[in-house]
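Let's take a walk through this protein together.

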Amino acid sequence: MNKKLLTPDYIFESSWEVCNKVGGIYTVLSTRAKTLQEMLKDRIIFIGPDFWESSESPYFKEDPSLFAEWQWLAKEQGIHVRVGRWTVPGEPIAILVDFKPYFEKKNEIYAWLWEQYKVDSLHAYGDYDEASMFSYAAGLVVESFYKHFLSKKQKVVYHANEWMCGLGALYINNKVPEIATIFTTHATSIGRSIAGNQKPLYDYLFAYNGDQMAEELNMQSKHSIEKQTAWNVDCFTTVSDITANECVELLDKPVDVVLPNGFDNSFVPKAAAFNKKRKLARKKMLQVANALLGENLGDDTIILSTSGRYEFRNKGIDVFVEAMNRLLRDRDLKKKVLAFIIVPGWVGEPRKDLQERLVSELPYDTPLEVPQVTHWLHNMGHDNVLNMMKYYDMHNRHEDNVKVIFLPDYLDGSDGIINLTYYDVLLGNDLCVYPSYYEPWGYTPLEAVAFKVPCITTDLAGFGLWANKEFGHNGELTDGVKVIHRTDYNYSEVADYIKDTVAQFSAMSKTEVDACRKAAETLSKKALWKEFIQFYCKAYDIALQKAEARKKSDKNK
């Protein structure tokens, strides 16, 4: 018989990416917000960093009337907050905190952290100080709010995301033990670093010592806060089975529960709007390609793309370029292919010569200079994508059946060339390719299938593993997701699998393609937050059981 799970009266959730769109965690939190808001109506409160003193955040709408009395009290305590709503579906309450005042107390905060939890902050560099001061400030916010507004009778959870929020979780654990603490690592700092430093991660995972690798890779401080938080919170979680293995080996701590990343599909356009937007995106992508290349690619061209953060090896951008190079000579390819690499690089500016061609709308039969890139980069000579294409002599010649274009800007609708948002561009694809080497979950393939775009990913991505589990076999294109087996050493095979899969796709009839698109959409529905929120409820219960036990033992003292 299922025991009744303890449910929180209030949840505070902190992340560097609350109202701050920098990566995948923003997507996790902002799409989950609606489901939690439906469960807890304004008793889920997100805490993020306040960068926006002089300008208005596009993701936050301030409301001075929310918790007005507490806001005044916090100010009296020297805690500078702005309270309002996060402008995402569900519009949950968000508190943005100014963490800069705590820099002058940095040394004593780190000394306390060492004395209480043996966290080594001596080797801090880069974003460590900034993240830690924000995390400390978030802890103060929750402590102040709890003591003013809530009581020991209420079941309260503090949920910290990533090492950046570890300090706040440890602060709450120490100063307000009545609050249940949860820590989610979305990727271990050491695992990501091992993979990013070209070392084989998976075959040797059992042999790596996390503390030793932290020293070797100069990651002691991030690793230390991550490990101590994992060990000291009430419930330790991660986002996939693949990262759970990393936690056991590199943090010496098994997770209590895996919290897979879900999706909210409320912003996927419905029938008529969907088709209209898809047509518009395809037209725009072909127009940009034709202007850049001096070509006349028609609507029967297969448009495919890869996207994500610019982690050349970890995200498999290298193997994507390799596969497109091999596809150039593939005799089984039945249609022309236009492949976009949509990865934010060090952008200088949109190309004026390309903008002029796009405005004129005339057909051109000569390519522009450097017909592989839509925006000029600050580091053209050192860019990995352009250098690899140059090495393989991939110059998008007229006779090439595969054209590869690097679109190195954030697609926010105003990049100066495509001028569509990422999701609108995604709609225009026939196929997406995400051949990741290191990918704790993988939002890009999940987003693709939610927009009915079949995709290729690997079983080194959490999403790929999950998809295989759902299918009961290794995913094929006809399932909506082709899941390629990837190891530390089979780069060349992966490139061939991608090449062969695109060639296979090019030979499919419209009926077969439509079936793939339908299968992709069907799979995406199994990854909606309404399906995955149950795992969070389990994590809340685990944490609250421990906090309630602490309260009882305090009473009995």
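This is a predicted model: local features need pLDDT of at least 70, side-chain atom pairs count only at pLDDT 80 or more; totals for chains, interfaces and linings use all residues.

Thr306 sits in strand 10, which covers residues 302-307.

Now zoom out to the whole chain. You'll find 19 helices and 17 strands in it. The radius of gyration is 25 Å, close to the 24 Å that the globule rule gives for 557 residues, so the chain is as compact as a globular protein of that length. If you draw a box around the C-alpha atoms along the principal axes, it comes out at roughly 80 × 50 × 50 Å. Of the 557 residues, 60% are buried.

Next, head for strand 8, residues 235-238. In a regular strand the side chains alternate between the two faces of the sheet. Here, Cys235 and Thr237 point one way while Phe236 and Thr238 point the other, and all of them are buried. Strand 8 has a parallel partner in strand 7 (residues 180-185), with four bridges between them. One place to look is Thr184, whose bridge partner in strand 8 is Thr237. Strand 8 also runs parallel to strand 9 (residues 257-258), joined to it by two bridges. Thr237 turns up again here, with Val257 as its bridge partner in strand 9. To get from strand 8 to strand 9, the chain passes through helix 9 (residues 241-250), and this β-α-β crossover is right-handed.

Last stop: helix 18, residues 510-525. At 1.5 Å a residue, its 16 residues should span 22 Å, and the end C-alpha atoms are 23 Å apart, which agrees. Which residues of helix 18 are buried? They are Val513, Cys516, Arg517, Ala519, Ala520, Glu521, Leu523 and Ser524. These buried residues pack against helix 10 (271-293), helix 15 (443-450), helix 16 (462-471), strand 17 (481-484) and helix 17 (491-506).

How values were computed. Residues are numbered from 1 along each chain as its sequence is written. Side-chain values use heavy atoms; hydrogens and water are left out. Buried means under 20% relative accessible area, exposed over 50%, partly exposed in between (1.4 Å probe, protein chains only). Two strands pair if DSSP finds at least two bridges between them. A crossover is right-handed if, with the strands pointing away from the viewer, the path from the first strand over the helix to the second runs clockwise. The radius of gyration is taken over C-alpha atoms; the globule rule is 2.2 Å times the number of residues to the power 0.38. The expected span of a helix is 1.5 Å times one less than its number of residues. Contact means heavy atoms within 4.5 Å.
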